[in-house]
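Here are my notes from a friendly browse through this chain. I jotted things down in the order I looked them up.

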Amino acid sequence: MNVDTLISFAVLALTVLLFASDRLRLDVVALLALLALLLSDVLTPAEALAGFSDPIVLIIAGLFIVGAGLFQTGVADALGQQLARLAGTGEARLIAAIMLIVAFLSAFISSTGTVAVFLPVVVSLARRAGISASKLLLPLAYASLVGGMLTLIGTPPNIVVSNQLAAAGLPPFSFFSFTPAGMVMLVISIGYMITIGRHLMPVRTHLSAASGDGKPSIDPATLLALYDLPGKLARVQIEPSSPLVGQTLAQANLRARYRVNVVDVEAYQGTTSALRLAGSEVTLQPMDVLLVKGAADAIAQLANEQHVRVLATGVSPDDLITNETGIVEVVLTPRSRLIGQSLREVRFQDTYHVLVLAILRLGAPLDAPTSRVELRFGDTLLVQGTWERIASLLDERNDFVVVGEVHRPTAKHALTSRAPVALAIMLGMLLLISFEWMPMVTAVLLAAVAMVLTGCVSMEEGYRAINWESVVLIAAMLPMATALDKTGGVRLIASGLTTTLGALGPFALMAGLFILTALFSQFISNTATTVLMAPIALQAATALSVSPHPLLMMVAIAASTAFATPIASPVNTLVLGPGDYRFTDFVKVGTPLLFLVLLASLLVVPVVFPL
């Protein structure tokens, strides 16, 4: 073992530890690993930067844009509605339905393309069913991987092992040779995910279903509960006889007179209504509905003295988060000019044109009126305002920083006139990939550009839809495979394992080949892993005088068990951002499934392909 091999293994080990620790972003860890291999001269600059020009990087970025086109034109919502009709809204039934459909498609077309198409569909379905997207996206990724086990063309490793047999003058695997074992793995995978797996998947109360762009958002109900707001908000309507009619909010001065803050005003004109943020210049009219914040007795006093009718108390988050207005959390910085002063003294509402709904200090909501609280470093303010005003807060760095934002509600996109175009582009892309009429990267980029040129999605929306963490992560980790191959690290371990386990018999060797292939597939391309492992499996079978078919089938199945890391496969990377997953989520959920597939393979493969 030379020095470069030792360095490669050390960098890989440290990278895995940092991934598992969750102390740094995954893309930052990947870049550090890349720099380590570059600075240690294990890789040349051209080799280290090759990942950023790798077709898979452009494929992932392009697929995000294709998915955005499907969402913006309403195709994703329409498919989600059809799937919801078939599976209902129950979590277990949804997982089973998604996995069945996705696995079937992945048996014939690209697993990456299938996940890209269904990513916005599943996000839309999760939102409609009221389920966190993180509960459905991991089953989506896993189903596409297991679907690759069903046919010869399901995944490149299947073709690699079949070609290895043909090159050795042996009968290759046929199109459906993989189906019996693959069907068993699919049944086991679905059974695991709807029983044990779904309870191991992350339950993060601060997350609801992801927004339409595939990015996770803070759950508004949980956020309001954290600030103890549900019992302090009410909707009141101004009667025609109210003395408030004709007054501006500044003139009404409800904050000083009743210690009641007006959050927003819904003005009714005939059968229509218009929502306005409660600025001091807003003039109150008969039948206006006000969202107010204050103690129950203060709101009751206001209603009695000013002839306003209390419509509802304990209002829902929908009253605060609309297409016009939203909420955001900001935390005071150490050198903030707000420290030691109250919101009234610094004229916070007039300066930023937003309203502070509540203040959190040391994790607990303050009960005092927000406008009179003397602010301290570390105080977190829950702020409401128009989306334009909230966007302007993101630029603030001196006095406070935005630490949590509820994403603007994504409208349920009805099918637009461009929906057939988006659907045709998607199907065309899948056909081009499936029949290999052009390279996958060409087909994906063609589809992405077509989505933009036909108006299915704007370029700005396309760029926003790309999860750049995923793109940088995969680009920076690809050279790791180059380093392991270049230094002989993969062959060193594989040869040692074969020599050790070969003496214990074919079953031990099958298990060893599976574990080693699966291990490498968690970090480097499953195709590259299979290219390295297939000759070793064939040589081992010859040495033991057994049929190579079961050993090569074990290698092919193991190459598709990239369940345990987010970098194991592009499909895992695709769902990483939208599901807000951590590295440990893949380990916790994927590792038991990997060993279940191992046990099932040891039982099924020798039956289908006798030794």
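I went to helix 20 and looked up which of its residues are buried: Ser470, Val471, Leu473, Ile474, Ala475, Ala476, Met477, Pro479, Met480, Ala481, Ala483 and Leu484. I kept in mind that this is a predicted model.

Next I checked the length of helix 20, which covers residues 468–486. At 1.5 Å a residue, its 19 residues should span 27 Å, and I found the end C-alpha atoms 28 Å apart, so the two values agree. Just after helix 20, I noted that Gly488 has a positive phi of about 80°.

Then I turned to the rings. My search of the whole structure gave five aromatic pairs. For Tyr581 and Phe586, I found ring centres 5.6 Å apart and planes at 75°; that angle is over 60 degrees, so I logged the pair as edge-to-face. Is Tyr581 buried or exposed? Tyr581 is buried, because its relative accessible area is 5%, under the 20% cut-off. Phe586 is buried too, at 0% relative accessibility. I also spotted a cluster in which ring pairs link Phe173, Phe178 and Phe609.

Last, I looked at the chain as a whole. I counted 26 helices and 10 strands. Of the 611 residues, 55% are buried. The chain exposes about 24900 Å², with carbon and sulfur atoms supplying 63% of that area. For contacts between residues at least 6 apart in sequence, I noted that 77% join residues at least 24 apart.

Notes:
Residues numbered from 1 in each chain as written. Predicted model: local features only at pLDDT ≥ 70, side-chain atom pairs only at ≥ 80, totals over all residues. Heavy atoms only, no water. Helix = DSSP H or I, 4+ residues; strand = E, 2+ residues; numbered from the N terminus. Expected span 1.5 Å × (residues − 1). Buried < 20%, exposed > 50% of the residue type's maximum accessible area, 1.4 Å probe, protein only. Contact = heavy atoms within 4.5 Å. Areas by Shrake-Rupley, 256 points an atom, 1.4 Å probe, with all protein chains shown as cover. Phe/Tyr/Trp six-rings, centres within 6.5 Å; stacked < 30°, edge-to-face > 60°.
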